[in-house]
Amino acid sequence: MSVVVVQLGQCGNQVGRELFEVVDSDARGQGAKADGERYREASLDRFFSCEESGGNVPTARAVLVDMESKVIGRTLSSAAKTGRWKYGDKNYFCQKKGSGNNWANGFYIHGPKCEDAVMNLVRQEVEKCDRLSGFITTMSLAGGTGSGLGTYVTGCLRDTYPNSFILNHVIWPHRTGEVIVQNYNSVLTLSHLYQSSDGLLIHENDTIHKICSQLLNIKQISFTDVNKVIAHQLGSILQPVCTGLCLTEYSRSPLGDLMETLVTHPEYKLLSAMSIPQMSDTSLAFSTFTWLGLMKHLRQMLISNTKMEEGWLIVFLFPIPL
């Protein structure tokens with residue numbers, strides 16, 4: 001079953017592009033193996049479509065939304081430069097004036113104005129799916145467009161597609177502060193998303209920054225480095241997983257499986273990702289792992305409620321304790 005990604009604001013569009021890059025690279029790497037062709041087909045069908053005018057280049061199942069055209073243009077051009085995948089030529093909506101880090105401006109002003117245009121783009125993308133599993137929105141909690149407009153669009157998705165799953169992937173701002181009103185934006189966004197979303201997957205900027213600095217040994221950390229770590233964790237969670245005893249059958253509803261396992265109560269929607277290992281490629285080449293060792297250290301991470309553990313392998317999702 002396919003997933004439609006709605007990228008909202010500057011942060012959401014940057015993370016979304018990295019997510020599709022991770023999915024494409026992983027699918028191609030697995031497809032090169034003798035038994036990986038079905039994995040590749042399942043992965044690409046979940047996140048990409050093949051348009052008749054697109055040749056052999058897969059098109060991301062995504063809708064890009066931002067109130068400024070600069071980020072949209074960069075996202076489209078960077079995806080096209082890869083030559084391996086691309087965004088739809090008309091799958092974006094932008095204007096000339098941003099939200100000014102004002103949640104109310106994005107929710108009450110830009111939201112109603114662009115509702116029809118954005119939902120029409122989403123509808124066109126949904127119609128390309130043979131079977132729809134649901135929606136993933138990528139957005140920031142600190143800014144105005146990602147948080148305010150993202151909250152409004154999520155409510156529209158719930159009203160239009162009441163039987164589809166919605167997973168909101170949100171980026172928690174730095175504690176030191178990115179914008180002066182980030183606390184208000186975060187509280188308003190979470191309070192509204194709790195009413196319309198099926199699950200909220202939270203990535204904290206402070207934690208990701210520590211992973212890049214302490215575990216990946218990156219000296220000068222950029223937004224690209226942070227976005228790659230986030231996309232790697234998100235892609236690992238959403239990629240096809242073998243079910244049952246047959247190793248060639250993959251889960252058909254990625255969002256449905258996650259919601260059924262993790263969101264056991266309507267009030268427990270906050271989710272957190274723990275990833276092992278987080279290490280540089282040079283260190284990974286000289287490391288070995290066992291499944292029992294991975295599970296042991298992953299359990300220790302869960303008990304101690306830490307997102308960082310040097311030298312271990314897998315990615316799991318856990319509900320955040322309230």
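Which residues does His169 touch, not counting residues up to four places away in sequence? In this predicted model, His169 touches Val15, Thr137, Thr138, Met139, Leu201, His203, Ile230 and Leu234, where contact means heavy atoms within 4.5 Å. His169 is found in strand β7, which spans residues 165-172. Helices (H or I, at least four residues) and strands (E, at least two) are DSSP runs, numbered from the N terminus. With a relative accessible area of 0%, His169 is buried; the term buried stands for under 20% relative accessible area, exposed for over 50%, and partly exposed for values in between (1.4 Å probe, protein chains only).

Residues are numbered from 1 along each chain as its sequence is written, and side-chain values use heavy atoms, with hydrogens and water left out. Because the model is predicted, local features need pLDDT of at least 70 and side-chain atom pairs count only at pLDDT 80 or more, while totals for chains, interfaces and linings use all residues.

The protein has 11 helices and 10 strands. Of its 322 residues, 52% count as buried. Among the contacts with a separation of 6 or more, 76% are accounted for by residues 24 or more positions apart. The average pLDDT, the predictor's confidence in each residue on a scale from 0 to 100, is 84 for the protein, and 90% of the residues score at least 70. Strand β4 (residues 62-66) has the highest mean pLDDT among the elements, 95, whereas strand β10 (residues 315-319) has the lowest, 56. Where pLDDT is low, the predicted coordinates should not be read in detail.

Two pairs of helices were examined for their packing. Axes are lines fitted to C-alpha atoms, for helices over the stretch in contact, and angles run from 0 to 180 degrees between N-to-C directions. The axes of helix α5 (residues 145-160) and helix α6 (residues 182-196) come within 10 Å and cross at roughly 5 degrees. Helix α5 is therefore roughly parallel to α6; angles under 35 degrees count as roughly parallel, over 145 as roughly antiparallel, 65 to 115 as roughly perpendicular and the rest as oblique. On the α5 side, the contact is made by Ser147, Thr151, Thr154, Gly155 and Arg158, and on the α6 side by Asn185, Thr189, His192, Leu193 and Ser196. By class, this contact of α5 with α6 comprises 1 nonpolar, 8 polar and 1 charged residues. In this scheme Ala, Val, Leu, Ile, Met, Phe, Trp, Tyr, Cys and Pro count as nonpolar, Asp, Glu, Lys and Arg as charged, and the others, Gly among them, as polar.

The axes of α7 and α8 come within 9 Å and cross at roughly 105 degrees, so these two helices are roughly perpendicular to each other. Asn205, Ile208, Ile211 and Cys212 of α7 meet Asp225, Val226, Val229, Ile230 and Gln233 of α8. The contact of α7 with α8 has 6 nonpolar, 2 polar and 1 charged residues. One of the α8 residues in this contact, Ile230, is also among the residues that His169 touches.

The loop between α7 (205-215) and α8 (223-238) holds Asn217. Asn217 has a positive phi of about 55 degrees although it is not a glycine, and its relative accessibility of 46% makes it partly exposed. Phi of Asn101 is likewise positive, near 55 degrees. Asn101 lies in the loop between β5 (92-94) and α4 (103-127) and is partly exposed at 35% relative accessibility. Most residues other than glycine have a negative phi.

In helix α2 (residues 37-47), Tyr39, Ser43, Leu44, Arg46 and Phe47 are buried. These residues cover an arc of only 160 degrees around the axis, which puts them on the same side of α2; the arc is that of the directions from the helix axis to the C-beta atoms. Gln239, in the loop between α8 and α9 (254-262), touches Tyr39, Ser43, Arg46 and Phe47, and also Val23, Asp26 and Ala27, not counting residues up to four places away in sequence. Gln239 is itself buried, with a relative accessible area of 6%.

Arg84 is placed in the loop between α3 (69-82) and β5 and is partly exposed at 28% relative accessibility. Not counting residues up to four places away in sequence, Arg84 touches Glu21, Asp24, Ser25, Arg28, Val57 and Pro58.
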